[in-house]
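Hi,

Here is the structure I promised to pass on. Have a look at it first, and then read my notes below.

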Amino acid sequence: MTASLNLSRRLRRTPFTERAEACGVSGFTVVNHMLLPKAYRRSIEEDYWHLRQGVQLWDVACQRQVQVHGPDAARLVQWMTPRDLRGALPGQCLYVPLVDGRGGLVNDPVLLKLDSDLFWLSIADSDVLLWARGLALGAGLDVTITEPDVSPLAVQGPRALDLMVEVFGDGVRALKYFGFARFEFQHSHQVVARSGYSSQDGFEIYLDGGALGGALWDALWEAGQAFDVAPGCPNLIDRIEAGLLSYGNDMTLENNPFECGMARHLALDGSLECIGGDALRAIQREGARRRITGVTFGSDPCPACASPWPVTGDGPRGERIGQVTSAAYSPRLRRNVGLAMIERGFWDPGQGVSVHCPGGEGLTGELTALPFVGRS
């Protein structure tokens with residue numbers, strides 16, 4: 001039996017949901033209590049090839065913004081992450097792990113610094129808004145924390161720059177990767193970042209004002225006819241090949257940044273006041289117990305990885321050494337590729353493994369470094 005998602009007002013629509021429906025969206029998931037399109041009429045492989053050749057519009061309004069504003073805004077945001085933000089400049093995006101007192105990952109948002117006292121945390125799927133408010137209240141900080149009416153729309157693919165220039169002008173060309181600036185759209189000024197959850201070049205428009213959602217989609221759609229535009233969504237094959245992790249799938253609150261390849265983003269010399277600093281330093285001294293890595297296995301397409309798959313070693317006992325958290329068939333590599341959380345002592349590239357998909361024998365494979373392929 002195939003399960004379906006019963007929609008209700010409790011699952012929030014986005015400013016772009018109506019346009020996604022008109023384009024033939026065939027499946028949704030829920031992120032931050034909001035609908036995220038997950039499939040259109042194409043197969044995942046057809047979508048993958050189109051993403052590598054044309055340009056796609058992604059409704060990713062579920063990437064809600066937690067706005068932190070006020071005299072203590074910089075202090076609070078720094079307290080929430082072990083990444084050093086002291087050198088961050090307005091107009092800069094930063095990938096920031098948020099951790100709790102044990103060093104567990106609360107979320108892994110992109111931080112946008114709009115001003116010295118104004119920040120957006122563009123979050124993955126966890127309730128950062130309430131957590132941030134609780135921290136501010138408990139610490140007595142002078143800060144206002146809200147969820148503004150800001151809804152990201154991603155423009156992804158090798159023709160993304162061409163399309164964005166048509167709609168927003170030549171100034172878009174000057175944006176550096178993980179930089180942002182404001183551009184005019186219908187008498188409003190919108191934040192546009194050169195970023196996105198794919199291995200392709202792309203942009204994210206942080207639409208300020210949901211009432212403009214239909215007009216923004218339509219402007220991009222009309223201009224995009226010259227660039228092979230199509231509706232799309234984060235592509236599973238592309239993100240796994242690029243080693244892009246998904247909070248809630250590949251990592252949770254039970255994981256720490258060392259396990260998830262984020263060590264380079266941590267400043268643990270004691271100069272920062274951040275939650276979980278002592279716990280992270282202890283993990284650093286002792287070493288992580290497990291680590292996310294890549295895995296290739298099998299030559300026939302694997303099923304959807306709806307729950308973790310056991311990974312066993314290739315030794316005589318075949319003991320369990322971890323689990324696959326995301327997987328897909330790569331038409332370029334002609335192998336199944338996956339992300340796997342592997343125990344210490346077994347995570348080196350080249351380690352032989354067996355991946356145990358549902359309803360079949362273990363598939364022979366090996367661990368690999370991430371990413372499987374670089375940015376296009």
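Predicted model: local features only at pLDDT ≥ 70, side-chain atom pairs only at ≥ 80, totals over all residues.

Which strand gives the most to the lining of the second largest pocket? Residues are numbered from 1 along each chain as its sequence is written, and side-chain values use heavy atoms, with hydrogens and water left out.

Back to the pocket: the answer is β18, with five residues. (Strands are DSSP runs of E, at least two residues; helices are runs of H or I, at least four; both are numbered from the N terminus.) β18 (320-330) and β19 (335-343) each supply at least two lining residues. The lining has 16 residues in total, and N255, R290, Q323, T325 and M341 lie nearest the centre. A pocket here is an open set of points on a 1 Å grid over the protein atoms alone, where a 1.4 Å probe fits, with protein on both sides within 12 Å along at least five of seven lines; lining residues have an atom within 4 Å of a point.

Next, the sheet. Six strands make an open, mixed sheet in the order β12-β13-β14-β11-β3-β15. Its edge strands are β12 (180-185) and β15 (229-232), each pairing on one side only. Two strands pair if DSSP finds at least two bridges between them. β12 and β13 (188-193) run antiparallel, over six bridges, and E184 stands opposite H189 in β13.

Now for the inside. The largest nonpolar core has 38 residues, and V155, M164, F168, L216 and L220 have the most contacts within it. α5 gives the largest share, six residues. Such a core is a set of buried Ala, Val, Leu, Ile, Met, Phe, Trp, Tyr and Cys residues joined through side-chain atoms within 4.5 Å; buried means under 20% relative accessible area, with a 1.4 Å probe and protein chains only. Setting aside neighbours within four places in sequence, L216 is in contact (heavy atoms within 4.5 Å) with F16, L153, F168, F185, I205 and L207.

Last, helix α8 (277-286): G277, A279, L280, A282 and I283 are buried, and the helix's buried residues pack against β6 (98-99). Just after α8, G287 takes a positive phi of about 90 degrees.

Cheers

Terms used:
Buried < 20%, exposed > 50% of the residue type's maximum accessible area, 1.4 Å probe, protein only.
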